Amino acid sequence: MAEKERDYNFSGIELKWQKHWAESNAFLSRKDPTKKKYYVLEMFPYPSGRLHMGHVRNYTIGDLVARFMKMKGFNVFHPMGWDSFGLPAENAAIKNNIPPFRWTADNIDYMKNQLNRMGFSYDWTREAATYKPEYYQWNQWMFLKMYEKGLAYKKKAPVNWCETCKTVLANEQAEGGICWRCESEVTQKELEQWFFKITDYADDLLKGHEALAGTWPEQVLTMQKNWIGRSTGLRINFRLASGEDFPIYTTRPDTVYGVTFMVIAPEHPLLERVTDPKVKEFIARIRNQSMFDRMSDDKEKEGIDTGLKIVNPFNGDIVPLYVGNFVLMGYGTGAIMAVPAHDTRDFAFAKKFGIPVKLVIDNPKAPIDVNAMQDAYVDEGVCVNSAQFNGLPNMEAIEKISDYAEQQGFGKREVNFRIRDWLVSRQRYWGCPIPMVYCEKCGIVPVPEKDLPVLLPTDVDFRGDSQSPLIQMDGFRDTKCPKCGGRARRETDTMDTFVDSSWYYAKFTSPGSKDIFDRDEVGYWMPVDQYIGGIEHAVLHLLYARFFSMVMNDMGLLKTREPFTSLLTQGMVIKDGAKMSKSKGNVVDPDAIIEKYGADTVRLFMLFTAPPQKQLEWSDKGVEGCFRFIGRIWRFVNRYAGLYERAASPDGMDLGAALQKVRRELHLTIKSVTYDINERMQYNTAIARMMELVNTLYLVDEKEFATPEGRAVLSEVFNSLLPMLSPLIPHVAAELWEMLGNRQQLHDMPWPACMESLARRDEVEIVFQVNGKIRAKEQVSADITKEEMEKMARGHEKVKDFIEGKSVKKVIVVPGKLVNIVIQ
């Protein structure tokens, strides 16, 4: 045993090992065909100035995975960089008269230092920052390639406008009618804008979910599926009374005989012929409403009769055409057929405006009196008032009526999507310039590839407002046409910053390459094996990144179609029940906690306090508890370091009961921790298991460890416990490993192996539940069968009280764990 225990000087220890890892290039990544690669990546940060606890949690999880997989023998790639274009830098420049590039560079330096203080195992030789020309020139190159393929185009369209940010937002960035960045209300504005044709990949994006099922959270896949919104229906050519076609799209052709009015979007070009001042005034007012207000179920459905009449091709009925605030030009044809008898919204609208209601689907069990209807009938039934389709079940009639429409030539089956093309124009300065010019003679002309990058000027004057200075900069704006050499002007809009983050994962493989990627590097490392980030990006970054990956795959740049094999969405860090924010006064500064307790304590708290997918409630007591646990490990290893023998093994030794228990608990811990980290990603339970092992060690009498058998068992414990702790608390684990006299670096050690013969329990505790609530626990033989577990549960006195006389719907048995009896 050591004569005197050393103090746990976490500051000195952490600085020592951070310096050592940096100087020795401990986490440098190189291609190695003899090893299986593992690419772990956290969503890279915006350099806002300081890390917050949400960053710390995300990156701590990623670092654990990277270090663990390295010890498991994988060739690990763990890069980091900066999503460094965006509004905050521009707003800071306006407020403080600081050039955005300087504000950004200073923040990157500060945050990089913070990341290093946490001991994260990044390969900084792969660092990339999206605001640098060597990165964004490839944004521009991709834009040109997509333009060549018809995937980038410009059109005039109603767009989401944030008056505070003075810019356009994509639909995904204006959910709920609120700007994703500043939370101001979004309004509608009509502008000429650039779009990426993500709709061409809608089916591919949906089909890709098949490969991601089981490795991506079901919630994310569902959110993307709903956002893409694939539907199959019928395009029907109604007619204006004047004779022109008036097409609509519907998923409910079984109700077409019940149409009593039509509704058109206020942006529809047909409305240009309307002259009624009241109608024109209504249209102007609705166009200024936010998209959220127009689509919200809580908002009143407004409309006005245009005076135009529409003819139903199925029965010749002539019905009025209304313009309504709830119809969008971007979906379908910008017009809908309205069937008030079978649609709740249409029913309310018809009652409000005195429009007739016509029943075409009846309830066969309780025939409906249309005059007595208080709401729409939306259940299945049989067709009535539907000509030759009367008597058919309405679900069967969908196909029959679609067949008839196609035979008659006024209908065609069609697939439609809710997702709209990605609007990528932004009326801001601090972003990637769009590589297009406008020539009076030649029109829109792409910048030649040889002239890339189109450099963003850094010497700019914001004139005290939030208008992009590029508009006023003659030196940037005025140029020559690449085609005819005549006078031209550059595009002064910049790209949506989500373009930057839609392909960075591939650029990390070769940030300094002369081409967009080094083909060997990107071919070896891609796809990302484990991606980690917030669920709030489910229909923003994650959807865009998948789109870009598919485009790059079609261009032959990537071998893989999906960029991220596995996805972990970590929960938010909250305090006092709310998201941390300066306005709430509940922000915890990572630097302050590191100063007081050390980076290892912060890491341990982030991993132990909650499962990674769940919210983490900040707790000062929890941090103190993690600090105490590290202290217990420190003191135990210090106390017994003198007994350590690197090569000692207890195999074949005659061990007493206490040492046998230690050895059995050690191998049970190795098995459990390995499973929890590798399979379940439940790091909190892995740490809890190691805490149990440390408790067991403290219960052993010192004299037991002083024997030759005890020294061997103790050495086996140190050889396994410290490597297991290394991905969690790497600084103190490395220090203790060195203290024991080991020369090989701990992070290069293999992950400890479990001896299955020692990792079997004679008994296990099983839980008996009724409807998910624990009613009893029992110690049973470890080899108990599922049938025996269910029989024991049903016969247990504390369980019988809850199930007697009840109908058992099902019994869920988890072998060796629990029995849950579900009753009605």
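Visitor: How many aromatic pairs does the count come to in this structure?
Guide: The model is a predicted one, and the rings considered are those of Phe, Tyr and Trp, which pair if their centres lie within 6.5 Å. By this rule, the count of aromatic pairs comes to 60.

Visitor: Are the rings of Trp17 and Trp21 stacked, tilted or edge-to-face?
Guide: A pair of aromatic rings is described by the distance of the centres and the angle of the planes. For Trp17 and Trp21 the centres are 6.3 Å apart and the planes stand at 40°. Planes under 30 degrees apart count as stacked and those over 60 as edge-to-face, so the pair Trp17 and Trp21 is tilted.

Visitor: In which helix do Trp17 and Trp21 both lie?
Guide: Trp17 counts as buried at 4% relative accessibility, and Trp21 is buried too, with a relative accessible area of 6%. The two residues are four places apart, about one turn of the helix, and both lie in helix α1 (residues 10–23).

Visitor: What kind of aromatic pair do Trp138 and Trp141 form?
Guide: Trp138 and Trp141 both lie in helix α5 (residues 133–148), three residues apart, which is about one turn of the helix, and Trp138 is buried, as is Trp141. Their rings are 5.7 Å from centre to centre, with 70° between the planes. Planes over 60 degrees apart count as edge-to-face, so the pair formed by Trp138 and Trp141 is edge-to-face.

Visitor: Over which ring does the charged end of Arg418 sit, and over which that of Arg632?
Guide: The charged end of Arg418 is 4.3 Å from the centre of a ring, that of Trp227. For Arg632 the distance to the ring centre is 4.2 Å, and the ring over which its charged end sits is that of Tyr698.

Visitor: Which cysteine has the sulfur nearest to that of Cys439?
Guide: Cys439 is buried, with a relative accessible area of 7%. Cys439 is in no disulfide, and the nearest cysteine sulfur, 3.7 Å away, is that of Cys484.

Visitor: Which residue does a cis peptide bond join to Met526?
Guide: Most residues other than glycine have a negative phi, and most peptide bonds are trans. The bond from Leu452 to Pro453 is cis, with omega near 0°, and Pro453 lies in the loop between β18 (443–446) and α13 (474–477). With omega about 0°, a cis peptide bond also joins Met526 to Pro527.

Visitor: Is Glu183 buried or exposed?
Guide: The place of Glu183 is in the loop between β4 (167–169) and β5 (186–196), and its phi is near 65°, a positive value in a residue other than glycine. The relative accessibility of Glu183 is 64%, and a value over 50% counts as exposed, so Glu183 is exposed.

Visitor: Where in the chain are Asp63 and Arg603?
Guide: The structure holds 48 salt bridges, and in one of them the side chains of Asp63 and Arg603 meet at 2.7 Å, N to O. The pair links distant parts of the chain, 540 residues apart, with Asp63 in helix α2 (residues 53–71) and Arg603 in helix α19 (residues 599–608).

Visitor: Is Asp63 buried or exposed?
Guide: Buried means under 20% relative accessible area. Asp63 has a relative accessible area of 0%, and its partner in the salt bridge, Arg603, also has a value of 0%. By that cut-off, Asp63 is therefore buried.

Visitor: In which strand is Leu41 found?
Guide: Leu41 is buried, with a relative accessible area of 0%. Leaving aside its neighbours within four places in sequence, Leu41 is in contact with several residues, among them Pro79, Tyr504, Phe508 and Val528. The strand that holds Leu41 spans residues 37–42 and is β1.

Notes:
Residues numbered from 1 in each chain as written. Predicted model: local features only at pLDDT ≥ 70, side-chain atom pairs only at ≥ 80, totals over all residues. Heavy atoms only, no water. Buried < 20%, exposed > 50% of the residue type's maximum accessible area, 1.4 Å probe, protein only. Contact = heavy atoms within 4.5 Å. Phe/Tyr/Trp six-rings, centres within 6.5 Å; stacked < 30°, edge-to-face > 60°. Lys NZ or Arg CZ within 6 Å of the ring centre and 35° of its normal. Disulfide = S-S within 2.5 Å. Salt bridge = Lys/Arg side-chain N within 4 Å of Asp/Glu carboxyl O.
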